[in-house]
Amino acid sequence: RQRRCPRLGSRRDGGDAVIQEHAAPRGRLADDGACAGFRARQDHQLDLVFVVLQRADGGAIAGDEVVPVLNRYLKLFHSHGLPVFSTRDWHPADHCSFQLRGGPWPPHCIAATQGAAFPARLHLPPDTFVISKATAREKDAYSGFDNTELDSLLKSAGAVRVFIGGLATEYCVLNTVKDAMRYHYAVFVLKDVIRAMDISSNHGRALEEMRSLGATPICFEALAA
Ligand code: ZN
């Protein structure tokens, strides 16, 4: 089946410009009945979900590389009146994921410290919904949906499609995409603004897994065309 890139519409224009074609993601939207339902809801707004984009303490990820392109997406969505949701790790200082507690990671994204701040050059719209995750001492969370309000906020915003980018591909992006599928969103992965911890192998594998689950990889040029 031919894949088509989505077009953005605005909730201000009555919906006529909203998605003429969707990308036929597999799974829930693959059968004709579900597709008809999807088309009938074309006047609903589209939402953009961003995954963690804080400073990567330890320097394992070249997160700065994605910021300029991410800003282009932010500008595009904001100019269409579409809401932006940004998730962030917001850990207690003695979080269970830290190596000093036997976890896999060096201390990072400690709540209310500079380490948990969004990059200064990231131009988040002023009305961005910020979703803090992994806030409990004894529980880690890679997915932006894990123990957060993200799903209910998206549902109340009428979102049927989410566009996900950020860091890191094989952890927070992958798990957020999986949960978004589980919560019945049509999912698009912004493949030019994701980066893996292990670029050599994990990036391609994680992207293929997301694709096999029904998520559609897209890039900025295709979305903005
Ligand atoms: Zn973390």
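Student: How many of the seven residues of strand β4 are buried?

Tutor: Seven of the seven, going by this predicted model.

Student: Which residues point which way from β4?

Tutor: Arg 161, Phe 163, Gly 165 and Leu 167 go one way, while Val 162, Ile 164 and Gly 166 go the other, and all of them are buried. In a regular strand, side chains alternate between the two faces of the sheet.

Student: OK, core packing. Which residues touch the most other members in the largest nonpolar core?

Tutor: That core has 22 residues, and the ones touching the most other members are Leu 154, Val 162, Ile 164, Val 177, Tyr 185, Val 187 and Met 210. At least two residues each come from α3 (150-156), β4, α4, β5 and α5 (202-213).

Student: Which of those gives the most?

Tutor: α4, with five residues. There's another core apart from that one, with 19 residues, including Val 67, Phe 163, Leu 190 and Ile 218.

Student: Back to α5, then. Which of its residues are buried?

Tutor: Asn 202, Ala 206, Leu 207 and Met 210. Looking down the axis of α5, the buried residues fall within an arc of 125°, so they line one face of the helix. As for its length, α5 has 12 residues and spans 16 Å from first C-alpha to last, close to the 16 Å expected.

Student: Switching topic: where is His 108 found?

Tutor: In the loop between β2 (84-89) and β3 (129-133).

Student: And is His 108 buried or exposed?

Tutor: Buried: its relative accessibility is 13%, and the cut-off is under 20%. The His 108 side chain also makes a polar contact with the side chain of His 91, at 3.1 Å.

Student: Last one, zooming out. How many helices and strands does the protein have?

Tutor: Six helices and six strands. From the N terminus, the order is α-β-α-β-β-α-β-α-β-α-β-α. Of the protein's 225 residues, 50% count as buried.

Conventions: Residues numbered from 1 in each chain as written. Predicted model: local features only at pLDDT ≥ 70, side-chain atom pairs only at ≥ 80, totals over all residues. Heavy atoms only, no water. Buried < 20%, exposed > 50% of the residue type's maximum accessible area, 1.4 Å probe, protein only. Helix = DSSP H or I, 4+ residues; strand = E, 2+ residues; numbered from the N terminus. Core = buried A, V, L, I, M, F, W, Y, C linked by side-chain atoms within 4.5 Å. Polar contact = N/O pair within 3.5 Å; in protein donor to acceptor, adjacent residues only side chain to side chain. Expected span 1.5 Å × (residues − 1). Arc of directions from axis to C-beta.
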